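Student: Could you go through this structure with me, one piece at a time?

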Amino acid sequence: MKYVDEFRDGKVARSLAQTIAAEVRPERRYHLMEFCGGHTHAISRYGLRDLLPPEIRFIHGPGCPVCVLPIGRIDSAIELARDHGVILCSYGDTLRVPASERMSLLRAKAEGADIRMVYSSADALKIARDNPEREVVFFAIGFETTTPPTAVALRQARTEGLKNFSVFANHVLTPSAIQNILESPEVRELGTIPLDGFIGPSHVSTIIGSRPYEFFAEEFQKPVVIAGFEPLDVLQSVLMLVRQLNEGRAEVENQFSRAVTREGNLKAQALVAEVFELRDRFEWRGLGEVPYSALRIREAYRDLDAEVRFDLPYRSVPDHKACECGTILRGLKQPQDCKVFGTVCTPDNPLGSCMVSAEGACAAYYTYGQFKGSAEVAEAS
Amino acid sequence: MCLAIPVKVIELLEAEQALVDVGGVRKEVDVSLVDGVQAGDYVILHVGFAINRLDETEAQKTLAMLREMGVQPEAAA
């Protein structure tokens, strides 16, 4: 596929890795957080860790929407389908996320709830048009990349006067999560997570632009390189970060210039602002309640808000005791540090959300056999 | 979840829809989030929506830079 295959060239990857190995300073380590699950996936899938010198350490960030969605939100979605009898339309990623009482959307569907997997918010609208006698709710999750398509659906529903359609909005914001990590006691004071720089999101940044990261580079003195999702993109960004750190710079650089500008997609931003507003707070798995970190539907569209229409209360539910998803999402632990990783918890039978989504760190490690590379092995090498 | 792919726009359709080529497969997608999409453009496709245009000149620049960055001094000599 054009503009994909060229960025997967193994020969160029090996020579880039050699350049990185030649430029890293052996006396220091480079702790780079890839915020996005898409990058976590690419690093595992293409074996980039094995190509790179041991001085480069990846810390996996919380940028996996399925992983950070807390149990309480899945419970609410199940409640909508089961107790309110709606047709619940959901992206495929969320269907297998474990909810309370060993439930999941998939299991609720097997028990008779009308839950349908959709590829797009437009498909959910079509289901609403085709079933005028039924209530249809779109279970909207995702970061800034996925928010504009939900906004388009809401505006379309308003234009068409679709009365039986509503949205259960769970859209979250990248900059708030990055700030939460940078301000966490583990990073700020205790130094539990050494964090030298960020590999910045690809597609989130096509929407929000590179500008929002400038604050982190300036205020926290951490370099950020916005990177594409292909393996060569990641390697080039690692090299750019190594160079910034070697030269003592903390700037925002854009490796993914073929799709990201400083301003981002202004048309999409304007539409999102028309339909959504900030929530005061939102619970994230792993990060807890983060102020102003998610969106809710604005007053003008409130009649299309499923939380209002069905009077959905939010109940916070703790994760399974053995599951380390939360600490993994904060960068404190690696998947193989979790006792149930690969034993009780597998992609076929996930106990925690990080094993569900392909972008989750646990699923990526499990699928691509990155069992080595635990802290002890890395220290010893 | 945020995964998206570059696709080529084949034909603009009514109501801000477009026919695109997804690695050889034709698909109808929504282009209302990107201004001035033309046939022949590459766009980034995410959950059925074009979320931005792909800048082909920038893509070529990045590829050229990648080759340059991968060249070792000793290998070049």
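Student: To start, is Glu101(A) buried or exposed?

Tutor: This is a predicted model, in which local features need pLDDT of at least 70 and side-chain atom pairs count only at pLDDT 80 or more, while totals for chains, interfaces and linings use all residues. Residues are numbered from 1 along each chain as its sequence is written, and chains are lettered from A and ligands numbered from 1 in the order in which they are written. Glu101(A) is exposed, because it has 9 other C-beta atoms within 10 Å. A residue counts as buried if 20 or more other C-beta atoms lie within 10 Å of its own, as exposed if 12 or fewer do, and as partly exposed in between, with C-beta atoms placed from the backbone.

Student: Where does Glu101(A) sit, and what is its phi?

Tutor: Glu101(A) lies in the loop between strand E3 (87-91) and helix H6 (105-110) of chain A. Helices (H or I, at least four residues) and strands (E, at least two) are DSSP runs, numbered from the N terminus. The phi of Glu101(A) is near 50°, a positive value in a residue other than glycine. Most residues other than glycine have a negative phi.

Student: And what about Asp311(A), what is its phi?

Tutor: Asp311(A), which is not a glycine either, has a positive phi of about 50°. Its place is the loop between helix H15 (306-309) and helix H16 (325-329) of chain A, and Asp311(A) counts as exposed because it has 8 C-beta neighbours inside 10 Å.

Student: New topic: in what order do the strands of the open sheet run?

Tutor: In chain A, 5 strands form an open sheet in the order E2-E1-E7-E8-E9, with parallel pairing. Strand E2 (56-63) and strand E9 (252-254) of chain A stand at the edges with a single partner strand each, so one side of each is left without a neighbour in the sheet. Two strands pair if DSSP finds at least two bridges between them.

Student: How many bridges join E1(A) and E7(A)?

Tutor: Strand E1 (residues 30-36) and strand E7 (residues 197-200) of chain A pair in the parallel sense over 3 bridges, and Glu34(A) stands opposite Ile199(A) in E7(A). Helix H2 (residues 37-45) of chain A lies across E1, E2 and E7 of chain A, running at about 120° to E1(A). For such angles, axes are lines fitted to C-alpha atoms, for helices over the stretch in contact, and the values run from 0 to 180 degrees between N-to-C directions.

Student: Which strands run antiparallel?

Tutor: Strand E11 (residues 281-284) and strand E12 (residues 288-291) of chain A run antiparallel and are joined by 4 bridges, with Pro291(A) in E12(A) as the bridge partner of Arg281(A). The hairpin of E11(A) and E12(A) has 3 residues between the strands, and in this hairpin Gly286(A) takes a positive phi near 90°.

Student: OK, on to the other chain. How many helices and strands are in chain B?

Tutor: Chain B has 2 helices and 5 strands, which follow the pattern β-β-β-β-β-α-α along the sequence. Of its 77 residues, 39% are buried.

Student: How many residues of chain A are in contact with chain B?

Tutor: On the chain A side 42 residues are in contact with 32 residues of chain B, where contact means that the C-beta atoms of two residues, placed from the backbone, lie within 7 Å. H1(A) gives the most to the side of chain A that touches chain B, with 6 residues. By class, that side has 22 nonpolar, 14 polar and 6 charged residues. Here Ala, Val, Leu, Ile, Met, Phe, Trp, Tyr, Cys and Pro count as nonpolar, Asp, Glu, Lys and Arg as charged, and the others, Gly among them, as polar.

Student: At what angle do H1(A) and H1(B) pack?

Tutor: H1(A) and helix H1 (residues 56-69) of chain B pack at an angle of about 55°, with their axes 8 Å apart, and they are therefore oblique to each other. Angles under 35 degrees count as roughly parallel, over 145 as roughly antiparallel, 65 to 115 as roughly perpendicular and the rest as oblique. Val12(A), Leu16(A) and Thr19(A) in H1(A) meet Leu66(B), Arg67(B) and Met69(B) in H1(B).
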